[in-house]
Amino acid sequence: MGKGARTRKERAAEGGQKPAEQSRGSRRIYQIAGGVAGALALCLLVFGILYSTGFLQRNMTAMTVGDAKISGQEYAYYYNMLRSNFYSSNESYLTSMGITDSNLDDAMYDEETTFGEYFRQQTDSSIQRVYSLYNEAQAQGYAMSEEGQASFDSNLASIETAAQEQGVSAQIYLQNVLGMTLSMDDYKDIVWKESLGGDFYENTQAKEYTDADLEGYYQENADQFDLADYRVFQVFYDAEDEASKTQAKEKAEEFAAQVTDERSFIRLARENAAEDQKEQYAEDDGTLTEAAPLYSSGTVIDWVKDPARKTGDVEVLEISTNYSVMYFVDRYLDESPSVDIRHILLRSDETNDAEIKQQAEELLQQWKDGEATEDSFADLARQHSADGNASSGGIYTGVNANTNFVEPFKNWCMDESRRAGDTGIVKTDYGYHIMYFSASRLAWKSSAETALSNQDYNDYLDQLAEKYPSEISERAINLAL
């Protein structure tokens with residue numbers, strides 16, 4: 001051996017350990033490490049099983065409202081429902097913005113909030129509402145009404161029907177819709193609490209509003225209901241050229257000074273129109289804006305809805321890169337009609353169109369051969385309609401000319417010949433709609449009643465929120481979602 005070289009025994013002796021002992025020590029370390037890794041793998045496996053089956057989520061508390069405990073699983077149900085409904089309703093717009101189902105939660109809802117954070121806020125509010133009403137119903141010993149029970153039963157039946165149509169169990173159907181594991185029993189429990197609370201409010205707290213109530217609300221909030229007609233002539237200028245701006249202002253003021261009535265305004269618009277405005281102002285209505293709603297705000301609308309405004313008022317307003325000569329025509333209450341209808345939607349496509357049409361005709365005849373009342377129609381809607389309002393008897397209230405419904409459906413609703421009790425079948429891209437006309441009234445009264453109802457409902461919820469305060473567990477929610 002060369003200088004300084006040592007045997008394995010010598011090196012081992014210097015370390016105070018024999019080669020055989022070192023080997024056994026290494027094996028023990030490997031055995032311990034292997035045991036820890038195995039235990040960790042087992043823990044992860046058990047965790048995965050408990051999580052995938054929903055056991056963990058069912059047995060951890062994500063939120064409390066009063067004394068009621070909301071499990072992580074139930075929290076996830078409300079979150080997923082809100083998320084799913086939002087995405088399906090706005091999919092086209094979201095896709096155009098590059099937002100898909102997979103990146104939705106991390107995308108920005110506004111400048112400061114992600115969609116995930118927004119859904120969390122809405123979930124917290126929904127659970128607070130549902131459990132406040134449920135807790136109060138329980139505290140008062142409230143029993144579900146017959147109508148409420150029928151609506152609850154219809155909800156469950158619709159799940160079973162949809163599952164059968166897809167050839168899967170109800171639980172698998174729920175899992176596909178919600179993107180989470182939820183048993184039918186757990187679903188029933190969640191829906192029961194929401195149904196009982198809603199039924200309690202409708203039958204013990206909801207108010208009926210008189211015409212005097214509606215008139216009083218209108219007087220206090222006229223800008224929400226009134227419409228206005230006005231005319232405007234625009235004189236544009238170059239924002240970077242002060243001389244251009246001065247000339248535009250002088251032209252607008254000279255125009256305004258010559259206006260004596262509405263006809264003179266129309267004539268002056270033709271005479272003073274720039275080359276690119278001549279075609280627009282050639283027509284009498286070229287300067288006219290009709291039925292403008294007044295609930296928004298802005299330079300023009302704020303001028304129009306000024307309480308002191310009167311017919312014939314003229315003024316020049318500076319707006320961005322133009323001076324606008326304004327002429328006020330009229331302000332009035334929207335007296336257009338709105339209607340309440342019920343419908344039963346039977347979805348169809350090109351493969352089963354004839355069959356579904358026949359089913360619609362048979363269902364309508366079944367109703368006619370029975371009691372033929374609005375209540376019996378509502379019962380049929382709860383049993384058979386594929387629309388989201390089936391549980392409420394297929395009701396749509398406050399439908400008017402501006403309601404965002406497909407044209408064939410809306411045209412049937414708004415037909416002036418309609419009378420209470422009228423029925424029919426309408427075909428749309430969604431399928432066949434069995435229609436029932438319930439009532440007609442002025443649109444502003446319908447809007448006022450909705451506003452009053454929402455106001456009273458929210459005031460009551462605020463009272464209950466003080467009685468049943470909520471707390472959340474971030475750790476449990478993060479695990480649940």
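Predicted model: local features only at pLDDT ≥ 70, side-chain atom pairs only at ≥ 80, totals over all residues.

Reader: In what order do the four strands of the open sheet lie?

Author: The pairing in this sheet is antiparallel. Its edge strands are strand 4 (288-293) and strand 5 (314-319), each pairing on one side only. From one strand to the next, the twist averages 35°. The order is 4-3-6-5.

Reader: How many bridges join strand 3 to strand 6?

Author: Strand 3 covers residues 226-236 and strand 6 covers residues 322-333. They run antiparallel. Asp229 stands opposite Asp330 in strand 6. The bridges joining strand 3 to strand 6 number 11.

Reader: Which helix lies across strand 3 and strand 6?

Author: Look for a helix running at about 30° to strand 3. It spans residues 262-272. That is helix 11.

Reader: At what angle do helix 10 and helix 11 pack?

Author: Helix 10 spans residues 242-258, and its axis is 9 Å from that of helix 11. The crossing is right-handed. The packing angle is about 145°.

Reader: Which residues of helix 10 make the contact with helix 11?

Author: On the helix 11 side, the contact uses Ser264, Phe265, Leu268, Ala269 and Asn272. By class, the contact has four nonpolar, three polar and one charged residues. Helix 10 supplies Lys251, Phe255 and Gln258.

Reader: In the salt bridge of Asp189 with Lys193, which residue is buried?

Author: The closest N and O atoms of this pair are 3.3 Å apart. Both residues lie in helix 8 (residues 184-204), four residues apart, about one turn of the helix. Asp189 has a relative accessible area of 36%, so it is partly exposed. At 13%, under the 20% cut-off, the buried residue is Lys193.

Reader: What is the N to O distance between Glu407 and Lys410?

Author: The two residues are three apart in helix 16 (residues 407-414), about one helical turn. Glu407 is partly exposed at 45% relative accessible area, whereas Lys410 is buried at 11%. Their side chains meet in a salt bridge, with an N to O distance of 3.9 Å.

Reader: Is Arg418 buried or exposed?

Author: Arg418 forms a salt bridge with Asp415, the closest N and O atoms being 3.9 Å apart. Asp415 is partly exposed, at 33% relative accessible area. Arg418 has 16% relative accessibility, so it counts as buried.

Key. Residues numbered from 1 in each chain as written. Heavy atoms only, no water. Axes fitted to C-alpha atoms, helices over the stretch in contact; angles between N-to-C directions. Left-handed = near helix turned anticlockwise from the far one by under 90°. Contact = heavy atoms within 4.5 Å. Nonpolar A, V, L, I, M, F, W, Y, C, P; charged D, E, K, R; others polar. Pairing = 2+ DSSP bridges. Salt bridge = Lys/Arg side-chain N within 4 Å of Asp/Glu carboxyl O. Buried < 20%, exposed > 50% of the residue type's maximum accessible area, 1.4 Å probe, protein only.
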